[in-house]
Amino acid sequence: MNGLCDRRAFLASAATGSMLGLAGCLSGDAEQVSTDDVTPSVPSADPDADVSWESFQYDATNTGHAPGVGPTADVEMLWDFPTDDSVYSSPAVVDGTVYVASMDGSLYAIGADDGDERWSFATDDSITSSPAVVDGTVYVGSMDGTVYALPADGDGTQPEPTWTFDTGEGVAASPTVADSVVYIGSNDGHLYALDATDGDLLWAFPAEESIMRAPAVADGTVYFGSTDYSLYAVDIDTAADQWREGADEDSDDGEADNPIDERWRVETGNRIQSRPTVADGVVYVGSNDDLLYAVEANSGDIRWTFQTSGSVTASPAVTEHAVYAASFDNYVHALSPAAGPEPDDDDETASPETYFWAESGFQGVRSSPVVVGDALYVGNEHGTVRSLSAETGETNWQFTTEGWVASSPAVVDGVVYIGSGDGSVYALEEV
């Protein structure tokens, strides 16, 4: 344990709805878990920052930490954009346009200032994938099994794809684009590396089951989780070399079963539906085994684990001083990146050095939080979008939609963009 508060007692009391046993650990509106009232240092808001929110959780490492400024007082709806089904996808916001997909099977380009449709593109099945917009091209997957590359600029008509790539099953995962390569998983169990220019297959790595969420790319390595319970790290250059060698030896050049070795693999106790976050040499990922894992990026050694009382399907947001993790235990937790003391039992792992705070009342969280300036933004299954103080966990404001909110917010130029299970995309600004 981290010595600040008995986390098992905290989780047990949280599960029963009673916080009486932790009276000495709580303060203010947020459940403050540090007996020393320790809070993390938080970044300052930068209203002059030029922010381009290109992909899920802002960047290719999925940190969920962006420059700029977001609303910290009460908000009102700038606009809402209706689609024909639930919006699980997370928005990208680039050059004054919001790009977001709907489970109605379409990708939409929406004016960031007025909420007017600029163009839409229909696929042959639902879309849960979050688009990535890089160098004038929008990349997105569809449950029709195809990865699409589309021109970002449109004239009001449905754009023609620049290229498409067919996988063996539906593509629920979101693409990550780095160094002119599109990395994306498929329910067929493969992670694909595609040339961003023409969609040519560069290599494919076979996991044992589906890859349903976005990978993270950092320092020449791609990290991704699978429903086979594992977190994988694959060296990009090694994978490309092994793929070429396998293709040279195989008459079926380009098949997705050419042998590629993982750099390392960490097995958890259940499916991984969380997207990995990479920051300062550590990979953070949640599992349906109710744990959040902090894994050394170089070695795959587990730095610490954090026990919640619900599945961790959301991806954490990570700043220099804190890791913000949401769970189906109805809490958002703020933890230190550093590990606490090594446990006496060799079969156990360390815990985070500091448990800063926990804020409740979320009714389960699939939405991945983001941190912009000194504020955190996240949706929840109750259908609300909330902003919390990144320092204390106290609520800044709350906005209620008419459906669950699994979409992760994008925060650009003081506006929060987010989708809802009620079928709408919302733009929220400070009153």
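Start with residues 97-101 and 106-111 in this predicted model. These are strands E5 and E6, and they pair in the antiparallel sense over 5 bridges. Now pick out Thr97.

E5 and E6 belong to an open sheet of 4 strands, ordered E4-E5-E6-E7. The pairing is antiparallel. Select 92-94 for strand E4 and 117-122 for strand E7. Both stand at the edges with a single partner strand each, so one side of each has no neighbour in the sheet. Look along the sheet: from one strand to the next, the twist averages 15 degrees.

Next stop: another sheet. Select residues 190-195, which form strand E14. E14 is joined to E15 by 5 bridges, and the two run antiparallel. Trp203, in E15, is the bridge partner of Ala193.

Step back again. This open sheet has 4 strands in the order E12-E13-E14-E15, with antiparallel pairing. Which strands stand at its edges? Select 176-178 for E12 and 201-206 for E15. Each has a single partner strand, so one side of each is left without a neighbour in the sheet. Here the twist averages 20 degrees from one strand to the next.

How many cavities of 30 Å³ or more does the structure hold? There are 2.

Take the largest cavity. About 40 Å³ of space lies in it. To show its lining, select Ser55, Phe56, Asn62, Ser130, Pro131, Ala132, Ser174, Pro175, Thr176 and Ala214. Colour these residues by class. The lining shows 5 nonpolar and 5 polar residues, with no charged ones.

Move on to the second largest cavity. This one holds about 30 Å³ of space. Select Tyr88, Thr128, Ala172, Ser174, Met212, Arg213, Ala214 and Arg275 for its lining. What is the make-up of this lining by class? Colouring gives 4 nonpolar, 2 polar and 2 charged residues.

Definitions and conventions
Residues are numbered from 1 along each chain as its sequence is written. This is a predicted model: local features need pLDDT of at least 70, side-chain atom pairs count only at pLDDT 80 or more; totals for chains, interfaces and linings use all residues. Side-chain values use heavy atoms; hydrogens and water are left out. On a 1 Å grid over the protein atoms alone, a cavity is a set of points where a 1.4 Å probe fits but cannot get out, and a pocket is an open set with protein on both sides within 12 Å along at least five of seven lines; lining residues have an atom within 4 Å of a point. Grid points are joined across faces, edges and corners, and a volume is the space filled by probe spheres set on the points. Ala, Val, Leu, Ile, Met, Phe, Trp, Tyr, Cys and Pro count as nonpolar, Asp, Glu, Lys and Arg as charged, and the others, Gly among them, as polar. Two strands pair if DSSP finds at least two bridges between them. Axes are lines fitted to C-alpha atoms, for helices over the stretch in contact, and angles run from 0 to 180 degrees between N-to-C directions.
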